[in-house]
Amino acid sequence: MQARILAVANQKGGVGKTTTAINLGSALVRKGKKTLVIDLDPHACASLHLRVYPDDNGANLYDIFVADARLWPAIWGRLVQPTEQDGLHIAPGSIRLSELENDLRDKRSKGDILLRALAPLKNRYDYIILDCPPHLGILLVNAIVASDLLIIPIQTDFLALHGLKLLFDTLRTLNKVLPKPVKYRAVPTMYDKRARACTRVLELMRQKMKDSVFQTVIGTDTRFREASARGCSIFGVDAHSRGAVAYDALADEVLAL
């Protein structure tokens, strides 16, 4: 079986991208799926959350983008690290990823480097989750091109809808040159049913995006902060919490696609 590639992206920060990448990955592992999270954010938030520190192993994701293709298997071998949860691995991010815009400026076929580089990993995992940076650039383009499904976390806040418009502008541009349209699903995050604004944004999302919105809604839960402090997913804090139950449901929806 070839791994399915899930890119978690939104061109707005603070909407729950890293939270979704980590906790969806953890939920999939709990369902028996070997999963790799690739931290494409130069700030390496997913890596730090799971207490896997960039550059500790002498290789980083920057090397994947600039190295000869023949070296990719060896680089992945040094780069990919286990986490405290059996079956969940991570390829940590690096601040050097921020150099790629300049270093790849004149490189041909630079938009599908990651797609080609993932080939050696596809028979080792059931799912590969790409945690993307919150701005348009070579990393986000590579992630979308490599993905089988783009998962868009959208905070249930009116300002978050602006980031969604930016991402759809990017998708329209990419769809003009890609052989097939990018598949995507949105997941509402940080939902507070007590707030009328949250309820209204959720209604708008469902009206405008229809079947392109997951049924699962990720609500607010203090356990997410506790998980970050403890270096684990929310399942490592309380597998019965609201947040854990929600990501378990989201994993079921992903598995059903």
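So, the surface: the protein chain in this predicted model exposes about 12,000 Å², and carbon and sulfur atoms supply 51% of that. On the charge side, we've got 35 positive and 27 negative charges, and their mean positions sit 6 Å apart.

Okay, overall shape. If you draw a box around the C-alpha atoms along the principal axes, you get roughly 55 × 40 × 35 Å. Is the chain compact or extended, going by its radius of gyration? For 257 residues, a compact globule would come out near 18 Å, and the protein chain has 17 Å, so the value agrees with a compact globule.

What's it built from? Eleven helices and seven strands make up the secondary structure of the protein chain.

Now let's go inside. Of the 257 residues, 53% count as buried. In soluble globular proteins, nonpolar side chains tend to be buried together. Here, the largest nonpolar core has 54 residues, and the ones touching the most other members are I38, W76, I128 and L130. Which helix gives the largest share of this core? That's helix α7, residues 138-146, with eight residues.

Have a look at W76 on the screen. Skipping its neighbours within four places in sequence, W76 is in contact with I38, L61, I64, A91, A117, L118, P120 and L121.

Technical notes. Residues numbered from 1 in each chain as written. Predicted model: local features only at pLDDT ≥ 70, side-chain atom pairs only at ≥ 80, totals over all residues. Heavy atoms only, no water. Core = buried A, V, L, I, M, F, W, Y, C linked by side-chain atoms within 4.5 Å. Buried < 20%, exposed > 50% of the residue type's maximum accessible area, 1.4 Å probe, protein only. Helix = DSSP H or I, 4+ residues; strand = E, 2+ residues; numbered from the N terminus. Contact = heavy atoms within 4.5 Å. Rg over C-alpha atoms; globule rule 2.2 N^0.38 Å. Areas by Shrake-Rupley, 256 points an atom, 1.4 Å probe, with all protein chains shown as cover. Lys, Arg positive; Asp, Glu negative; His and termini not counted. Charge placed at Lys NZ, Arg CZ, Asp CG, Glu CD.
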